[in-house]
Amino acid sequence: MDWSLVIGNAAAELISPTTAAYALAAVGLAVHFGYTGLLNFGQAAFMAIGAYGFAVSVLYFGLPFWGAVLASLLASVVFALILGIPTLRLRSDYLAIVTIASAEILRYIVSTTSLASVTGGAGGLSAFAGEFYAMNPFAEGTYLFWPFDVTAKDLWVRVVGWSIVALATLLVFALMRSPWGRVVKGIREDEDAVRSLGKNVYSYKMQSLVFGGALGTLAGIIFILPRSVQPGNYGTGLTFFIWTVMLLGGAATILGPVVGSMVFWVLLSLTDGLLQGLVNQGVITFLTTDQIGPVRFILIGLGLMALVVFRPQGIFGNKKELQFNG
Amino acid sequence: MANDISVGKAAPGCKKVDPILVADNVTRQFGGLTAVNVDHLEIPRGMITALIGPNGAGKTTLFNLLTGFDKPTTGSWNFEGKDLAGVPSYKVARLGMVRTFQLTKALSMLTVMENMRLGAQNQPGEGFFAALIRPLWSSFEAKITTRAEDLLKRFKLDAKQDDFAAALSGGQRKLLEMARALMSEPKLVMLDEPMAGVNPALTQSLLEHIKDLKKNGTTVLFVEHDMHMVRHISDWVVVMAEGKIVAEGPPAIVMKDQAVIDAYLGAHADTDLGTVAIKVVKEKK
């Protein structure tokens, strides 16, 4: 087994754009669930809006890069309003049901054949990031050092992705130590109490849904910049990975989602590399290489169960401040 | 019986000299059950009014209706002349009518101090964009922190101000909820069973706080089963039974009313429960 390859691949995940995208989506989810107590099980929908909003704007409507980013953010705000107006007055469980359903509805809509001319149907969309890579200020060549060595193109998407993650994290940090953050945390604890103190709970929940959703949308854009848009990526699985990432780091923490995403992807890559190696060398005989993919997720699932049992507050969480209270 | 508070004789639904809250024909039905059916009720300004009655009389439901936490089947009411029917609960609170809950709602995973600060009104930093610019709200924050510290000292919670509210005892949470309600400097505070679960030593100081409120011009309306409290601090007592107002008047008079004794207080209202039990046992023998 080539250890340097296994470890190198795993370490490279630390700064990969996919890790950044998951981290950002989890920061958005932390705003929803960790701070406001909104049970959003449709973060995949916000990411899909980012992906399709951006790709369709560029390919179908011919918008420039910034226009496409703004269009996706606008679409995400509209989606959050449609989702929130009927459900945010109800108990939080209803939001969970509605978000999971609407994410699925969205996924079915973008993959229908009758919309294939716009969304690409089941085949998805590709070749929409040309303008983004044309803005790359880095000259051709190899950058950074092993195991993080990347091409100029890879470096550009990583710099942009992680800068957005850093900005979003700072923004959430500033908000959560402000009186605004105090109100949403109060809503997480008991919305009637906050209402009795003269705060418009409905409006705060909506602001939180829109803000966290917008972060999810930006995450969706970062996610597709280095790849194509595939409708299959936006199933409930994605939502649950984002939940895993958030809970791993700590739901009501600033850095938790970021570190959670790093741990999640490094572990996935590491288990993949190790299992591949062991199967190829004949150490593990009861698995074929095709089965390794799903087995990794079984292991991640077991890991999450262990986490919930033994460290429910996540890696960074303060056990006293937040356990799983939905 | 003449008094300073009502216009003319004290009777269920009587007019007050200076009412702060006036309710008319407020009813609330849950299916076939009429939980509240109040023809007319006026709460006197600047006074301490007790709302008493047996369990299930509709006291808390009436609280919920008046503060916008529940929607009435029929009815209208106004607070300082402002029509409140259909006004959402947070706007009711902003108008200066703040309530507490029978089942205490301390925000457990916030510190005691954060709980208090949340009670203040008009903090500009509670706006999404203003929250990002600290100078816009830091001076206001300092001001409300000072006020919160004063209140916490009065309620003997100052030593706990950096603890999570979850770490407080049940009685301390009651105190915190009341102190938090006072952060908004309300004109009318509505306390739902403020004494439930509070130990006798604290009860005494809580009574003093409520009297202080009156001194500072705040009107108090409270639901309570503790008859000593009702007797000692209230200026006016409203008795509810089966959703209706059955009696009203100054405490000394209402609590001698035969209908009230029969419906609520019981024949042994003034006797120690221990002696009653002994008597009952003896009579059996």
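Domain bounds here come from an automatic or database domain assignment. The model is predicted: local features need pLDDT of at least 70, side-chain atom pairs count only at pLDDT 80 or more, and totals for chains, interfaces and linings use all residues. Residues are numbered from 1 along each chain as its sequence is written, while chains are lettered from A and ligands numbered from 1 in the order in which they are written.

**View 1. The two domains of chain B.** Domain 1 of chain B covers 19–106 + 182–284, and domain 2 covers 107–167. Taken over C-alpha atoms, the centres of these two domains of chain B are 29 Å apart. Contact means that the C-beta atoms of two residues, placed from the backbone, lie within 7 Å. By that rule, 7 residues of domain 1 of chain B meet 15 residues of domain 2 of chain B. The domain 1 side of this contact has 3 nonpolar, 3 polar and 1 charged residues. Ala, Val, Leu, Ile, Met, Phe, Trp, Tyr, Cys and Pro count as nonpolar, Asp, Glu, Lys and Arg as charged, and the others, Gly among them, as polar.

**View 2. Where chain A touches chain B.** Chain A gives 25 residues to the contact, and chain B gives 29 residues. Four helices of chain A each supply at least two residues of its side: H8 (152–176), H9 (179–189), H10 (191–196) and H11 (201–224). Helices (H or I, at least four residues) and strands (E, at least two) are DSSP runs, numbered from the N terminus. Which helix supplies the largest share of the chain A side? H9(A) does, with 7 residues. By class, the chain A side has 10 nonpolar, 6 polar and 9 charged residues.

**View 3. Strand S3 of chain B, a covered strand.** A residue is buried if 20 or more other C-beta atoms lie within 10 Å of its own, exposed if 12 or fewer, and partly exposed in between; C-beta atoms are placed from the backbone. Ile48(B), Ala50(B) and Ile52(B) point one way, while Thr49(B) and Leu51(B) point the other way. In a regular strand the side chains alternate between the two faces of the sheet. Strands pair if DSSP finds at least two bridges between them. S3(B) runs parallel to S8(B) (residues 219–223), joined by 4 bridges. There, Ala50(B) has Phe222(B) as its bridge partner. S3(B) also pairs in the parallel sense with S9(B) (residues 236–241), again over 4 bridges. Here the bridge partner of Ile52(B) is Val239(B).

**View 4. An open sheet in chain B.** Its 4 strands follow the order S2-S1-S4-S5, with antiparallel pairing. S2(B) (33–44) and S5(B) (82–83) are the edge strands, each pairing on one side only. S1(B) (residues 19–30) and S4(B) (residues 74–79) run antiparallel, joined by 5 bridges. Val22(B) has Asn78(B) as its bridge partner in S4(B).

**View 5. Arg45 of chain B.** Arg45(B) lies in the loop between S2 and S3 of chain B. Is Arg45(B) buried or partly exposed? Arg45(B) counts as partly exposed because it has 18 C-beta neighbours inside 10 Å. Not counting residues up to four places away in sequence, Arg45(B) touches Asp18(B), Pro19(B), Ile20(B) and Thr219(B). Glu185(B) is 140 residues away from Arg45(B) along the chain, and their C-alpha atoms are separated by 15 Å.
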